[in-house]
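Here is a walk through one protein model. Keep the chain in view and follow the residue numbers as they come up.

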Amino acid sequence: MWNARSIVNKLQSLHALLLSGDFHIIAITESWCSSFITDKEISPFGYFVYRHDRDTRGGGVFLAVSESVPSRVLDSLSSIELVVVDILTHPSIIICLAYVPPPPAFTYLKHLFSSINAIVGDKDFILLGDFNCPETIWVSLHGDNPAFHSLCEFVFDQNLCQLVTVPTHVKGNVLDLVLTQKPESIHDLCVHSDGFSPLPLSDHYPISFSHSCQISVSTHSHLPTLNYLKGDYVALNDYLLDIDWESYFLTEDVEQLLCFIKSVIYESCCRFVPLQTSHSKRYPKWFTGHVRHKLHKVRSLRIKVARSPGSSVAAILKIADQELQTAIIEAKSSFEADLVNKYAFSNDLKIFSHVQNLLGFQSIPCMMSLDSVSASTDAGIESLFNDFFHSVFSHPSAPPNVSSPPADADTVDNFSFSVSDVYKCLSSLDVHKCCGIDDIPACLLQSCAISLCEPIHHLFSQCVRLSYLPVEWRTHLVTPVYKSGDRSSVKNYRPILLLCILSKVLERHIFERIYPHIAATISHNQFGFKKQRSTLQQLLAHLNNIVSIVAQSKQVDVAYLDIKKAFDTVDHNLQLEKLWRCGICGEMWGLIKAYLSGRQQCVTVRGCQSGLLPVTSGVPQGSFLGPLFFILFINDLPGCTIHSNMLLFADDSKCSKSIASSSDCLLLQEDLDRVCEWSTSSGLKFNFQKTFLVKYRRKMAAPIVFNYCFGESIVPCNTSCKDLGIIFQEDLSWSAQVKAVLAKAYKTLSLLRRTFRAASTPTVVKKKLYLSLIIPIFTYCAPIWRPSLIKDIMDIEVRRWLL
């Protein structure tokens with residue numbers, strides 16, 4: 001632990017320490033970080049970062065906890081520079097890291113201590129940080145002013161022991177403290193006032209210590225895998241063309257056909273695709289052999305210094321540590337320069353992938369929880385995720401009534417496609433898409449399209465004829481993706497489905513056959529998942545409606561509705577019945593029924609898979625057909641609103657009504673009641689906690705107040721909302737949207753500046769990065785929020801000149 005006095009300009013030094021120090025936990029005060037610095041920039045490998053940044057310059061704290069140590073963050077007040085992390089070892093430890101700005105204020109310390117008491121309760125904890133209380137007498141727990149005295153009272157009340165007895169600052173003051181209720185569990189505490197200087201330009205000395213606990217470390221085996229990027233696809237195609245497929249074309253059983261084609265593909269891949277051994281990403285991509293050599297040298301010296309703190313090895317360590325930091329900086333700069341030189345003009349996806357990786361989130365912690373249940377093994381974590389994702393599914397309703405299609409409806413019953421159609425789909429596959437549970441990648445199918453198109457066409461034809469899909473094609477491989485909040489809670493993750501590529505090829509044929517028919521029946525108020533429709537069009541229609549009414553000195557009440565787990569709770573039988581009513585019948589309806597029936601899912605975490613659970617409802621996200629089926633399922637929702645206008649973008653809906661008197665409010669209330677009735681009949685539930693109302697009107701106009709109800713809840717009234725990524729305010733001011741756009745653009749800009757140095761990056765590359773990553777932030781739905789105030793225009797123009 002130490003006061004770093006900004007790590008923004010010391011990131012490479014911090015990375016050297018994280019790699020060479022073998023620390024399980026690193027605590028930093030005065031980090032000087034902001035929202036523009038991502039967690040992956042602070043620690044791109046091996047650690048989870050828990051941080052609290054100050055809104056203004058200076059301050060800030062963060063804890064970097066090794067991925068091998070189970071941990072979770074506990075909430076704290078946003079106004080206090082405090083991070084509280086529960087280290088789930090045996091026994092568990094709660095670590096509180098705080099920074100108290102000088103001079104310490106009595107009210108600030110009071111809020112700090114009350115926050116710690118509220119979070120920790122009666123549990124044991126360790127309190128670390130820079131408290132800036134140099135005149136406190138720890139032997140007698142005496143302070144000269146109210147702030148110091150309140151600190152002493154807290155230490156006494158919590159039965160804490162302050163363990164730092166030597167100066168931690170160059171001026172001879174004890175500012176950085178280690179307080180614990182169990183001093184016997186702290187070992188080898190040392191204030192490194194000589195030799196050990198991991199972060200330069202700081203006037204504080206670092207503190208290191210050990211804590212007695214037991215950590216259960218899980219090991220992962222890394223088996224060889226096929227390296228499809230280096231396959232000999234010319235020879236592979238020739239081999240597949242020479243195979244005798246006669247017995248295959250005589251087979252009619254779909255499962256046997258898929259088993260045969262998979263065995264052929266796997267056998268041929270073993271011949272023409274090399275193996276590779278996947279290793280854990282212990283080091284970043286830019287680490288060279290020279291850097292690893294320097295790293296091992298520093299590790300060895302650090303062990304020697306720990307054994308003999310006063311020896312001459314400390315001076316050698318200081319020199320070696322500086323050499324390591326220089327080597328890391330040079331290696332990273334060289335890597336990024338090579339990235340630009342090699343791929344800027346040929347394959348710029350490599351550059352954007354590198355940038356997106358820095359903007360991404362960290363991996364899944366090794367300890368996860370669901371309510372009161374926790375798991376630390378991969379199998380247990382997968383089971384928790386699978387149980388949670390499975391819990392949102394609904395029970396199926398009665399079988400669909402499909403006696404006969406409507407007399408006035410055009411029907412789509414037959415389904416046929418040629419070998420050339422299959423070849424066209426295979427050859428146009430996106431090779432960057434992930435494969436499903438069958439492990440057949442898109443790059444292999446695309447490269448071998450000419451030799452596999454006929455066998456795959458035969459397989460598809462039997463699926464259509466028998467109205468049957470293989471079990472593998474109806475199995476979802478689910479990857480959890482972090483959203484926000486506590487990383488250790490499975491509730492803060494959403495599922496990403498990985499489907500078999502061959503299944504998606506067949507879906508594409510079905511989609512192209514039924515889309516023109518279904519799209520003609522979709523409400524014109526639906527703007528999602530439809531060709532030639534976009535978020536901009538919907539927001540323009542919505543804004544035009546608001547402006548035209550407000551121009552008449554009237555009020556517009558807009559109720560924003562949210563369907564709870566919309567895509568996961570679609571009833572399969574109701575979906576099939578609506579498809580039948582729409583005119584989808586015959587073998588096409590039978591194939592879609594087979595597509596929706598008998599689906600199952602498993603979760604994959606760190607390369608391991610959970611058991612299978614049934615998928616009893618919902619449309620597959622990430623598929624071709626899922627979005628189309630969903631907008632058809634909710635197609636009758638806009639018809640529920642008689643007196644108001646409802647606009648949809650997929651499951652995002654809003655209901656607006658011109659309000660001149662309370663009688664208009666009653667009409668809007670009637671429409672909301674009808675929407676609730678639709679919710680009951682369709683089986684889709686609205687999230688009442690996320691339903692709210694915004695009253696748009698002139699700035700000086702008094703609002704017409706009415707308490708709307710939705711279900712059994714009163715709809716809260718907000719002054720602003722974020723609608724499809726655009727911030728609407730009740731007075732139609734766009735200052736909040738301008739501020740949000742500038743913050744997002746400047747965060748990306750700051751990352752690009754730190755990643756690609758101006759001196760070594762060609763102007764053409766800068767322009768390409770600017771046009772690809774910065775300009776889209778400014779231009780997204782710009783016709784909606786284009787600023788009219790001079791201050792907003794100047795803010796944007798000044799920032800753009802800085803890009």
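The paragraphs below go from domains to salt bridges, then to cavities and one lysine.

This is a predicted model: local features need pLDDT of at least 70, side-chain atom pairs count only at pLDDT 80 or more, and totals for chains, interfaces and linings use all residues. Residues are numbered from 1 along each chain as its sequence is written, and side-chain values use heavy atoms, with hydrogens and water left out.

Start with the domains. Their bounds come from an automatic or database domain assignment. The chain is divided into domain 1 (2-211), domain 2 (289-359), domain 3 (522-571 + 617-731) and domain 4 (734-798). Between domain 1 and domain 3, the C-alpha centres are 47 Å apart.

Now the charges. Side chains of opposite charge can pair when their charged atoms come close. A salt bridge here is a side-chain nitrogen of Lys or Arg within 4 Å of a carboxyl oxygen of Asp or Glu. The whole structure has 21 salt bridges. One of them joins Asp53 to Arg51, with the closest N and O atoms 2.6 Å apart. Both residues belong to a network of salt bridges that also includes Asp39 and Arg487. Arg51 is partly exposed at 23% relative accessible area (buried is under 20%, exposed is over 50%, partly exposed is in between; 1.4 Å probe, protein chains only).

Lys491 pairs with Asp371, and their closest N and O atoms are 2.6 Å apart. Lys491 sits in the loop between β17 and β18, and Asp371 in the loop between β15 (368-370) and β16 (373-375), so the pair ties together parts 120 residues apart in sequence. Strands are DSSP runs of E, at least two residues long, numbered from the N terminus. Lys491 is partly exposed at 39%, whereas Asp371 is exposed at 59%.

Next, look inside. A cavity is a set of points on a 1 Å grid over the protein atoms alone where a 1.4 Å probe fits but cannot get out; lining residues have an atom within 4 Å of a point. Grid points are joined across faces, edges and corners, and volume is the space filled by probe spheres set on the points. There are 2 cavities of 30 Å³ or more. β17 (475-482) and β18 (493-498) each supply at least two lining residues.

Finish at Lys657, in strand β24 (residues 652-659). Is Lys657 buried or exposed? Lys657 is buried, at 12% relative accessible area.

Technical notes: Helices (H or I, at least four residues) and strands (E, at least two) are DSSP runs, numbered from the N terminus. On a 1 Å grid over the protein atoms alone, a cavity is a set of points where a 1.4 Å probe fits but cannot get out, and a pocket is an open set with protein on both sides within 12 Å along at least five of seven lines; lining residues have an atom within 4 Å of a point.
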